[in-house]
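The following paragraphs go through the two ligand sites of one structure. Please keep the sequence and the model at hand while reading.

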Amino acid sequence: MGLFDSQYSNKAGQVDQNRLPRHIAIIMDGNGRWAKQRGLPRTAGHKVGAEVFRKIATYCKNLGVEYLTVYAFSTENWKRPETEVSVIMGLLKQYMLEAIDSMERDQIRLRFLGDLSAISPELQELVERTNAISSRIEGFQANVCLNYGGRDEILQAARTFAAECAAGEAAPEELTADRFGGYLYSAGIPDPDLVIRPSGELRLSNFLLWQCAYAEFYFCDTLWPDFDERALDAAIIDYQRRDRRFGGIK
Ligand code: IPE
Ligand code: IPE
Ligand code: MG
């Protein structure tokens with residue numbers, strides 16, 4: 001089975017293809033608990049979690065979702081034991097190498113969001129290679145948040161704008177929400193419509209703080225390695241029942 005192959009395709013037909021969230025964001029959480037429940041090392045959960053990401057990305061693309069953003073490694077995840085961090089980085093490397101071979105065929109654009117200066121030079125080089133391939137692809141885009149923190153993202157944007165002001169290239173009163181968005185790692189990507197957090201935790205954990213201003217949230221107890229196309233359908237169906245008002249009235 002190829003990297004982005006998937007057999008399942010909304011068989012129940014309950015997802016309204018005409019009202020899909022344009023952008024789905026997922027906090028891929030619960031890998032460690034999934035492994036622990038099976039008496040396995042936490043890293044076994046990360047391995048399965050990486051497979052689930054491939055499967056869900058394919059499914060989103062086939063469904064017609066335009067953007068999928070996943071939280072893979074936070075600015076806080078460096079607190080974990082070095083061995084766990086290195087397994088996660090190894091899985092990311094493996095994914096990037098596979099993607100370099102398959103993303104053009106599968107027409108999947110990849111973008112990495114976060115402070116990439118702190119990842120290894122080897123991974124940075126692979127990110128650059130995926131960026132070069134992505135520039136030749138149109139359509140579905142998967143964003144992988146790597147060494148990503150919502151606060152870090154806002155701070156670096158503020159620093160960039162402040163530096164422009166200090167250099168006389170910008171003035172504070174020129175700053176609008178749209179312009180600020182252009183300084184974020186997510187520049188050019190529409191805000192997420194639906195944010196999913198599996199594993200039973202009811203928090204954002206520093207994910208897309210700016211971009212989630214009007215996102216719809218969906219929480220479920222499924223641990224990420226058990227998450228599948230049906231679980232995604234359930235989240236989308238729930239989303240499609242919501243009334244988004246953006247502060248207005250209907
Ligand atoms: C999410 O799963 C993956 C990362 C944060 C890298 P966890 O590793 O947080 O799994 P739990 O929450 O401990 O079960
Ligand atoms: C959020 O999960 C980060 C990722 C999924 C990459 P965590 O497991 O790190 O979050 P907390 O510690 O439960 O808030
Ligand atoms: Mg966790």
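An oxygen atom of ligand 1 lies 2.8 Å from an N or O atom in the side chain of R42, a polar contact, that is, a pair of N or O atoms within 3.5 Å, where within protein one atom must be able to donate a hydrogen and the other to accept it, and residues adjacent in sequence count only if both atoms are side-chain atoms. The model is a predicted one, in which local features need pLDDT of at least 70 and side-chain atom pairs count only at pLDDT 80 or more, while totals for chains, interfaces and linings use all residues. Residues are numbered from 1 along each chain as its sequence is written, chains are lettered from A and ligands numbered from 1 in the order in which they are written, and side-chain values use heavy atoms, with hydrogens and water left out.

The backbone also meets ligand 1: a polar backbone atom of N31 is 3.1 Å from an oxygen atom of the ligand, and one of G30 is 3.4 Å from an oxygen atom of the ligand. Of the ligand's accessible area on its own, 380 Å², the protein covers 87% (Shrake-Rupley method, 1.4 Å probe; for residues, only the protein chains shown count as cover).

Around ligand 1 there are 13 residues, of which D29, G32, R33, R42 and R80 come nearest (a residue is near if one of its heavy atoms lies within 4 Å). By class, this shell has three nonpolar, five polar and five charged residues; Ala, Val, Leu, Ile, Met, Phe, Trp, Tyr, Cys and Pro count as nonpolar, Asp, Glu, Lys and Arg as charged, and the others, Gly among them, as polar. Helix 1 gives the most to the shell, with three residues (helices are DSSP runs of H or I with at least four residues, strands runs of E with at least two, numbered from the N terminus).
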